[in-house]
Amino acid sequence: MIIQIYAFTRLADALAAVELGVDHIGFVAGRYGIVHGELDFKEARALVEGLPTHATSVALTMATEVDEILRMVQEVRPHVVHISTDPLDVDETAMKILKHHLPEGVRLMKAIPVAGEESLELARRFSPYCDFILLDTKVTGLPGVGATGMTHNWRLSRQIVETVNVPVILAGGLSPENVAEAIRQVRPYGVDSNTHTNRPGSPVEKDLQRIAAFVQAVRQAEWEGKD
């Protein structure tokens, strides 16, 4: 199972997380003054280049224009591009264009807010243009999808996992304390944590002890699931 952690701002923390068993190293690429932890393209590129070859770099973007997203990819060179704006801000047409123009080997991930039955339809609509679907929590008043620290309806998440034909990464309020139950209920391809692997009171500083506990909880749940 893939373990994805956001949002790194320091290479030292990212390297430590890889050593702890994190597969996908997430960061926010682009200083737009929208979300916490934003890196400019030069900073993001340095983080990508500093990672070991077996780690996967995941660049979250809050840009909505295709040209700007492609500019980010050209300058940062991540392995995965994570579209985290509200779904229709980068619609199916834009996703199709992105998918066509991304450099070979760069994968595309779309954040889908899990709120009601309409989430199923959104996932179905966007899955043809994605390499991953990320299921996250949307809170009114916060930009884009995610970074709320809140869980959502895992029953709906399970339905999406069973419906779409692309790997699904579960996010939204996951912590060392609840990720095992989330895995049991949803059976995703991967799990993601941001807020609950930060140091208490900080929106950007990662807590390596919390990350280690998260990884341990995921691997334990994996092992139990094989019984």
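**Core, fold and one buried asparagine**

Biologist: Which residues touch the most other members of the largest nonpolar core?

Modeller: This is a predicted model. Its largest nonpolar core holds 62 residues. Those touching the most other members are Ile25, Phe27 and Val81.

Biologist: Is Asn198 buried or exposed?

Modeller: Asn198 sits in the loop between strand E9 (190-193) and H8. Its relative accessible area is 7%. Buried means under 20%, so Asn198 is buried.

Biologist: Which side chain makes a polar contact with the side chain of Asn198?

Modeller: Leaving aside neighbours within four places in sequence, Asn198 is in contact with Pro203, Val204, Glu205, Lys206 and Asp207. The side-chain polar contact spans 2.8 Å. The partner is Lys206.

Biologist: Why does the protein chain count as compact as a globular protein of its length?

Modeller: The chain has 8 helices and 9 strands. For 227 residues, the globule rule gives 17 Å. The chain comes close to that, so it is as compact as a globular protein of that length, with a radius of gyration of 16 Å.

Biologist: What percentage of contacts between residues at least 6 apart in sequence join residues at least 24 apart?

Modeller: In this chain, 52% of the 227 residues count as buried. For the contacts you ask about, the share is 60%.

Methods: Residues are numbered from 1 along each chain as its sequence is written. This is a predicted model: local features need pLDDT of at least 70, side-chain atom pairs count only at pLDDT 80 or more; totals for chains, interfaces and linings use all residues. Side-chain values use heavy atoms; hydrogens and water are left out. A nonpolar core is a set of buried Ala, Val, Leu, Ile, Met, Phe, Trp, Tyr and Cys residues joined through side-chain atoms within 4.5 Å. Buried means under 20% relative accessible area, exposed over 50%, partly exposed in between (1.4 Å probe, protein chains only). Helices (H or I, at least four residues) and strands (E, at least two) are DSSP runs, numbered from the N terminus. A polar contact is a pair of N or O atoms within 3.5 Å; within protein, one must be able to donate a hydrogen and the other to accept it, and residues adjacent in sequence count only if both atoms are side-chain atoms. Contact means heavy atoms within 4.5 Å. The radius of gyration is taken over C-alpha atoms; the globule rule is 2.2 Å times the number of residues to the power 0.38.
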